[in-house]
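Student: I have just opened this structure and would like to know how its features get their names. Could we go through a few of them together?

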Amino acid sequence: AHSPPRVLCSVSAAEYNERVPGATHKQPISKLILSSRSRRIFSCGEDSMVKVWKASNLRFETTLHSARGGAAWVTDIALLPTSNRLLVLEADRTVTLYDCWTGSLSQAYRGGLNADTRQAHCMFRRVRSASAVDATMSSARESSSGPAPPDAALGGQSACRLVRVPLGAMPDLVVSPSCAQPILDSSKPSAEMVLLGLSTGAVSLYDFSRRVAPTDAEDGSMSLRQLSTWAPHRQWVSRIRHWPSRDLLLCASADSVIEVWDMASDRSMNRFCSPGFSGLRHVFSNLDFAEPLRLMATCGTSQKICLWHPLIPTLVAKLEGHQAGLIDVAFDRDGLELLSLSEDKVVKVWDLRTHRCVRTLEDGLCHRPRDTLTALCLDHDGRAVLCGAE
């Protein structure tokens, strides 16, 4: 006899996920995204997969995306808030969009394809059958105490099938996309503008609001062109933030330099090179920006967080208290608090009015193979901190 759903709901998320085939990433989690509208958490890892989790109880739902044979590395994921779609970037220049409500594949593009849109391009993807998607992501309004999806719909290959997906061409995308940052354009409320960081150090702007269909080939809409491009760095762009009121890009890169770039004049407004702490070279790894305070937070290999005004070259403040190198920083919604994650599995909450740590959260679980946390995400509505592990 099958166990009733209420028994599964009484089991902790960790124990439940351990029992579900394919519920965990095979490599470290590199990014977490929360869709507040559908109340789903999306994770991507170095195993070239994107997985879906229920935000209310952290239970695994499905593997949304798997790169072809694991050959293409998923470099980043981003949420398009207008349409509630998930953007997935791969190192082979494939860009895929999924509906966050249903989990269905919405659109796929391939960078570097022939700009002649009269030539049809397609690829084959292993996607979940309609019944399996309905079983796992049919309604984000389902109560958190409701029945859990059946095991067969969660991990079984029998619930998957190969489908032919029409490919839109992105002829300007000739190198690997490294990161994505959606931005809002007040003059075009229906547009879905996305800044794509590239492996060459450039940043390109695309509008993903236009849907591509196979019947569009005659009018040229099978080709998605970049709207603008800038070159703030010479190496892999790791993170982008946008200052909309000043139309500035804040970019971190593998060259350990943070550039403040004017999008209108296409020139650098400020540059932050890694300062030295205690005689050691500090390497920037991540940044975040709070427009209400006009404050940028950076972190890296040192144990200190640096606070800057993007247009002033001098340091505003240093936040000290971590005992290990920092992985990520994130502002809360109003910009009055900052959260930081370090390699020793410690999350600190900082009050930016006093520059003091007001709370310390420690992960007591032991993770394998390396006991560390690798990703940070804030659930503003649930007032929760989400972390991904190795």
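Student: What makes the second largest pocket a pocket, and how much space lies in it?
Tutor: About 1,300 Å³ of space lies in the second largest pocket. On a 1 Å grid over the protein atoms alone, a pocket is an open set of points with protein on both sides within 12 Å along at least five of seven lines, where a cavity would hold a 1.4 Å probe that cannot get out. The volume is the space filled by probe spheres set on the points, which are joined across faces, edges and corners.

Student: Which residues line the second largest pocket closest to its centre?
Tutor: Of its 32 lining residues, Leu365, His367, Cys387, Gly388 and Ala389 are the closest to the centre; a lining residue has an atom within 4 Å of a point. Strand β30 gives the largest share of this lining, five residues.

Tutor: A word on the source: this is a predicted model, in which local features need pLDDT of at least 70, side-chain atom pairs count only at pLDDT 80 or more, and totals for chains, interfaces and linings use all residues. Residues are numbered from 1 along each chain as its sequence is written, and side-chain values use heavy atoms, with hydrogens and water left out.

Student: Why are β15 and β18 said to stand at the edges?
Tutor: The open sheet of four strands has the order β15-β16-β17-β18, with antiparallel pairing. β15 (237-243) and β18 (267-273) each have a single partner strand, so one side of each is left without a neighbour in the sheet.

Student: How do you know that β15 and β16 pair?
Tutor: Two strands pair if DSSP finds at least two bridges between them, and strands themselves are DSSP runs (E, at least two residues), numbered from the N terminus. β15 and β16 (residues 248-253) have six bridges in the antiparallel sense, so they pair by that rule. In one of these bridges, valine 237 has serine 253 of β16 as its partner.

Student: Why is aspartate 288 called buried?
Tutor: Buried means under 20% relative accessible area, exposed over 50%, and partly exposed in between, with a 1.4 Å probe and protein chains only. Aspartate 288 has 10% relative accessibility, so aspartate 288 counts as buried. This residue lies in strand β21 (residues 284-290).

Student: What joins the side chains of aspartate 288 and arginine 241?
Tutor: A polar contact of 2.8 Å joins them. The term asks for a pair of N or O atoms within 3.5 Å, one able to donate a hydrogen and the other to accept it; residues adjacent in sequence count only if both atoms are side-chain atoms.

Student: Why is strand β11 described as largely enclosed?
Tutor: Six of the seven residues of β11 (residues 177-183) are buried, so the rest of the structure largely encloses this strand.
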